[in-house]
Amino acid sequence: MKIRSWVWMSFLFLLIIGFGTFHLLDVDYAYIPPEEKLMDYQPNKRSSYDFWGEYITDKQAKVLSKTDEGRKKLSPENGAVKIDKELLELGRKTFYEETFGNEVFLTDILGMVDGPFTLGNVMKAIFALKGKGTNNLRVELAEDVTLGDKTFKKGEKVDTGIDVAKGAYVPIGLPVSVHDGRVRVGISCAACHASFDPETDKVVEGAPNSDLNGGLLLALSTNSASYFSHAEISNIKKYMQKNSRSIIDSKSEPASLPDPGKLEKAVDSILVKWPRGNFDTTIDLISNPIQIPDSFTLRDHPYSWSGMAMAGPFNGLSTFSNNVHSQNADATTMFQASSELFGIDKEIYLGTILQKAANEDLRYKPMRGLKPSEFFKKIDPTPNSAGVLQAVELPSYPKVSIIAPSGVIANSPNYKFYQQNNGVSAWQNTLQPPKPKVRGEKETIASGRKVFEKAKCISCHAGEALTNNKIVPAETIKTEPSRAKSFSVVENLLTDPVIYTYDTAVPLPKNPKRIKVPTNNLDPEQVRLAFGLKGSSGGYKVPSLIGLYWTPPYLHDGGVSVGANPRTDIGVPGTISKGMFPDPKNSLRALIDSQLREKVIKANRNSADLQLMHVTGEGHEYWVDQTTGFSQEEQDQMISYLLSLYKIK
């Protein structure tokens, strides 16, 4: 295995530094850890059906298959997903390998590896590991760069948070490809939702990459302005100059594109402030990055921080997985709806994204006399999709629905419709966190459970997954409120969710069969909270508590963070900003101890960058301390109990 890895590494390295124009060669490579490289490997044993979130065992399916009505229920034309070995294998493969073609946006448009951060230096850094793994690949910059008020020098090593498994020579979750003479890098699920543990030299599937420096990597890109919808750019007109970079908009009126240099600087100054382990996942022109979640998803519905992913197969999990790819990995997907979403004409929106594209072939130039959409039609690598991503436009596109807030489903050609998303959902539901490295005594854990019940935490964190699967209004939970309304921008575009049947081939045939996604089982008030609709301030879902040992910092903004020394390592500035991993025990204490939390919030408030990013660590004021009649011993017992949780039967 090691020889094969070195061969691949050497081969890719040669391509990157000297043979990138070898047009006759197509290469795709992504790292998938073998069984022996995984911590607490758990084979996939599930064999069953999912029917819009209803779990149907094989035994139940045999009974259903005896009647016409039962067979209809189990049909893919009716919304049933057969969970078998083949689907689970596809799900794991999708998790590690599948980019849905996002390397086109990331490399050809965004220019992620065309600036100070280069693939050559990434490979150099991996070579320097000499086969050892890392949870933070430190990469030399190829040139000087200033991002906001931060200046980086050529040769300076930056913390990327990129994970490389022991013996691997390609980062986890960053597939590399060579097509049409160009080396590209894409992002798969694993980049954010798998991590390398240096203490055991194992990969933890499903654990969040809690130090991924996504904001910095985006800011180092040559066309980070293409990601402006995720930054604090409330008025793009302020970057426009009259009669400069003139175009014709969708109404055949003269218009201008923003100055690319000025917009780039503004976007960079925001992206570089994202805390490590956080990523902005909504296109609401507000920079409010959230903590990267884990993928221990079983019974943790509804999904996303707001619970917006609640409809469709696997109780909304496929909706959540799809949205990550379709909305976050390709800014061109939503250009048809940019006027309704942002009040920005679609020609201006698309021209802004493409005017500084890294690949000359995809770069829009106003002097050519074409509208941006006309130019895009000529160069679009996926003409049957809304943007450059491999995706299927739903019947209502560019309108959206609660099953597809982007209006499209990420889908590679030659797979059945929704097959990959459903596969990764089925597979994620098999993941269980590894055993915590630190475990308390059985008596202490049992006492902690009693404290948990006495403190009435169980009123929300109930059941096997320790969640009531509900969304709590932002006013009630009192967490930083900006994220709770992040999806409200789609309100005017929402329509009934209609998709294609799961046996539909992709690319779509003529007149494909359609199916309406059932929503009659959803509470309208929960939908209103999830999307911040009808004047609602939105809400936050009650998360599962399974695997807390592997998922600090805590709360949706990741603001509750304390290091090994609770006196000095306080808040995001005292931990994550210094490259220090939060301590799960001390961070959990800050979650339930009012005095320690006050110190955490104060430390976060002292950072102007965190305030701009809406990261505070506020909210969830449910104390288990002396202010509510609990002793220090009881608090310790409850923390031991919480850290012991790692398995759902």
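Predicted model: local features only at pLDDT ≥ 70, side-chain atom pairs only at ≥ 80, totals over all residues.

Me: Are α4 and α14 roughly parallel or roughly perpendicular?

Reply: Helices here are DSSP runs (H or I) of at least four residues, strands are E runs of at least two, and both are numbered from the N terminus. The axes of α4 and helix α14 (residues 419-428) are 7 Å apart and meet at an angle of about 100°; axes are lines fitted to C-alpha atoms, for helices over the stretch in contact, and angles run from 0 to 180 degrees between N-to-C directions. Angles under 35 degrees count as roughly parallel, over 145 as roughly antiparallel, 65 to 115 as roughly perpendicular and the rest as oblique. The α4 and α14 pair is therefore roughly perpendicular.

Me: How many of the 10 residues of α14 are buried?

Reply: A residue is buried under 20% relative accessible area, exposed over 50% and partly exposed in between (1.4 Å probe, protein chains only). The buried residues of α14 include Gln 420, Val 424 and Trp 427, and the buried residues of this helix pack against β4 (80-83), α4, β12 (202-205), α10 (317-328) and β18 (408-410). Helix α14 is largely enclosed by the rest of the structure, because the number of its residues that are buried is nine.

Me: Which side chain makes a polar contact of 3.1 Å with Glu 98?

Reply: Glu 98 lies in the loop between α4 (85-97) and α5 (103-109). Contact means heavy atoms within 4.5 Å, and beyond its neighbours within four places in sequence Glu 98 is in contact with residues including His 325, Gln 390 and Ser 412. A polar contact is a pair of N or O atoms within 3.5 Å; within protein, one must be able to donate a hydrogen and the other to accept it, and residues adjacent in sequence count only if both atoms are side-chain atoms. The side chain that joins Glu 98 in this way is that of Gln 420.

Me: How far away is the nearest side chain of opposite charge to Glu 98?

Reply: Lys and Arg count as positive and Asp and Glu as negative, while His and the chain ends are not counted. A salt bridge requires a side-chain nitrogen of Lys or Arg within 4 Å of a carboxyl oxygen of Asp or Glu. Glu 98 is buried and has no salt bridge. Its nearest oppositely charged side chain is Lys 93, at 5.7 Å.

Me: How many residues apart in sequence are the parts tied together by Lys 73 and Glu 54?

Reply: In the salt bridge between Lys 73 and Glu 54, the closest N and O atoms are 3.1 Å apart. Lys 73 lies in helix α3 (residues 68-73) and Glu 54 in strand β3 (residues 54-57), so the separation of the parts in sequence is 19 residues.

Me: Which residue caps the N-terminal end of α17?

Reply: The buried residues of helix α17 (residues 524-531) include Val 527, Leu 529 and Phe 531, and its buried residues pack against β19 (471-473) and β22 (539-541). Just after α17, Gly 532 takes a positive phi of about 65°. At the N-terminal end, a side-chain oxygen lies 3.0 Å from the backbone nitrogen of Glu 525, and the capping residue that supplies this oxygen is Asp 523.

Methods
Residues numbered from 1 in each chain as written. Heavy atoms only, no water.
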